[in-house]
Amino acid sequence: MLGSLEGGVALITGAGGSLGSAAARRLAQDGARVAVADLRAEGRGALAEELDGLALSLQVESEDSWKAAVAAVRDWAGPMTILVNCAGIGDGCGLEDLSMSRWHELLAVNQTGVLLGMRFAAPEMRSAGEGSIINLSSIHGIVARSSGGSGASAIAYAATKGAVRLMTKAAAVDLAPDGIRVNSVHPGYVDAPMLGVEQSAARLAARDRTPLGRFARPEEIAGAISFLASRDASYMTGSELVIDGGYTAV
Ligand SMILES: NC(=O)c1ccc[n+]([C@@H]2O[C@H](COP(=O)([O-])OP(=O)(O)OC[C@H]3O[C@@H](n4cnc5c(N)ncnc54)[C@H](O)[C@@H]3O)[C@@H](O)[C@H]2O)c1
């Protein structure tokens, strides 16, 4: 039986990370050809080899980097039909302890990176005649409850993830006439803390506040990403898929 993504050509940013690598494996398993893109070299080559994919160096806040990555995918497998914007950085600082340099860094990677990804994917998907873009937001794009060790709000992270939520809806409107769907995914706490974000007491407390009482497995997020990429989600665009064990329900 053919996989649900057979014929698809996917680029996954942040594919060397926890959720990106799980998404890359799931999309490949479901039949897509997968380009494994990350800023960091570690992991990306081995994963691309494992999936018979393409390893790409990509810095998401750089237009030149996107131009080169998109062209490399086209040369390798044809125009991209699936984009998963998964690259991201975390920060647990609140309003008054956040440095301005960190603020600009989060905006560049988490927000501008997603904007550029969607912008560079659109012509490829238009030429392919179909496309699905999945943007990684977070429960922190919906609520601003604390998750960092300091008990602060993670204000920069929340700002960028809230922006991803609304940029997704705006791009869905812009790209709907071309049959390109754009949706956001909002994971709760995953059993794979983002690089640089410690397994703090506050994070464990947040897990305990989650109605299902546990962190998500990366594979549980990857399954939702694959669904949004597939034709089973053909009437979904501009929507936000919350996968949080009930965290935002209470
Ligand atoms: N882990 C969680 O609990 C969680 C929860 C909700 C949402 N998310 C979101 O899911 C996405 C992936 O999270 P993760 O847990 O896999 O994180 P991770 O830290 O494991 O992976 C992130 C990847 O992004 C890459 N990256 C960082 N800056 C980059 C840049 N400028 N250009 C290109 N690549 C860059 C890193 O090298 C890394 O491989 C992020 O957007 C994150 O905000 C994560």
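Helices here are DSSP runs of H or I with at least four residues, strands are runs of E with at least two, and both are numbered from the N terminus. By that count, this protein has seven helices and seven strands.

Two notes on the source. This is a predicted model, where local features need pLDDT of at least 70, side-chain atom pairs count only at pLDDT 80 or more, and totals for chains, interfaces and linings use all residues. Residues are numbered from 1 along each chain as its sequence is written.

Now the order. Along the sequence, the pattern reads β-α-β-α-β-α-β-α-β-α-β-α-α-β. The radius of gyration, taken over C-alpha atoms, is 17 Å, close to the 18 Å that the globule rule (2.2 Å times the number of residues to the power 0.38) gives for 250 residues, so the protein is as compact as a globular protein of that length. Its C-alpha atoms fill a box of roughly 45 × 40 × 35 Å along the principal axes.

What about burial? Of the 250 residues, 50% count as buried, meaning 20 or more other C-beta atoms, placed from the backbone, lie within 10 Å of the residue's own.

Helix α4 spans residues 100-128, and helix α5 spans residues 155-175. They pack at about 15 degrees, with axes 9 Å apart. Axes are lines fitted to C-alpha atoms over the stretch in contact, and angles run from 0 to 180 degrees between N-to-C directions. That makes α4 roughly parallel to α5, a label for angles under 35 degrees.

Who touches whom? Contact means C-beta atoms, placed from the backbone, within 7 Å. The residues involved include Trp103 and Leu107 of α4, and Tyr157 and Met167 of α5.

Key: Buried ≥ 20, exposed ≤ 12 C-beta atoms within 10 Å, placed from the backbone. Parallel < 35°, antiparallel > 145°, perpendicular 65-115°, else oblique. Contact = placed C-beta atoms within 7 Å.
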